[in-house]
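Me: I would like to learn how to read a few features of a model. Please give the general idea before each case.

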Amino acid sequence: MTATRARSAIGAAAGLALLLAGCASSTEPAAEETESSAPAAETSTEASDDESQAGTTEDAADDASADEGTDVAVPAAMDFTAPTVSGGEIDAAALAGEPTVFWFWAPWCTVCRGEAPSVAQVAEDLDGEVTFVGVAGLGETDAMVEFVDSTGVTGFEHVVDADGSIWTGFGVVSQPSFVFVDADGEMETVVGAMGLESLESTSRDLVDG
């Protein structure tokens, strides 16, 4: 019985030794694999960073290109800043690139007064598509304010052209007159009253082409 127990103890010890040897052999290769896989992970990260930087560069180039495409030449006649009848100020150059209608009138002009409702109507109909700007001249500011209020053309701004320089810049010599400016800066001048239908049609052409 003593010899049998001794052989069993020896067998158990040998089995334990083999088990420990097996654990050691399976652990070491795993460690080696972990070490060898680290450079691959770093390479992948570096590649991802390079792609990210490349994408950022391309986006910046696209943004720059888009900005360059939005530059619009300001027509010489629109390169002015002037006070408005309402007491503010307008920078006409900021309207470059947008369909715009300039309406030239005088506060004592009966034809201008008669056409005012048509101008107000078309300006309202095309709000957000075409910008209307009144250019009042040849009169006192108080009279201009009264004209705007009494004729109902309060839906858009009116410039006070005190010295007539804006009229001269557009080549306008009589009232009423209209200057239609498309998005490319091309201008068309119409002298005299236009009537509702003609005014609306010509104004819409600035948008529809």
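Reply: Helices (H or I, at least four residues) and strands (E, at least two) are DSSP runs, numbered from the N terminus. Asp 208 has its place in helix H5. This is a predicted model, where local features need pLDDT of at least 70, side-chain atom pairs count only at pLDDT 80 or more, and totals for chains, interfaces and linings use all residues. Residues are numbered from 1 along each chain as its sequence is written, and side-chain values use heavy atoms, with hydrogens and water left out.

Me: Is Asp 208 buried or exposed?

Reply: Buried means under 20% relative accessible area, exposed over 50%, and partly exposed in between (1.4 Å probe, protein chains only). Asp 208 has a relative accessible area of 61%, so it is exposed.

Me: Where does Ser 118 lie, and which residues is Ser 118 in contact with, leaving aside its neighbours within four places in sequence?

Reply: Contact means heavy atoms within 4.5 Å. Ser 118 belongs to helix H2 and, with those neighbours left aside, is in contact with Leu 196 and Leu 199. Ser 118 is buried because its relative accessible area is 18%.

Me: In which strand is Thr 100 found, and what does Thr 100 touch beyond residues up to four places away in sequence?

Reply: Thr 100 is found in strand E3 (residues 100-105). Beyond that sequence range, the residues touched by Thr 100 include Leu 95, Val 130, Phe 180 and Leu 206. Thr 100 is buried, at a relative accessible area of 0%. The C-alpha atoms of Thr 100 and Val 207 are separated by 9.7 Å, with the two residues 107 apart along the chain.
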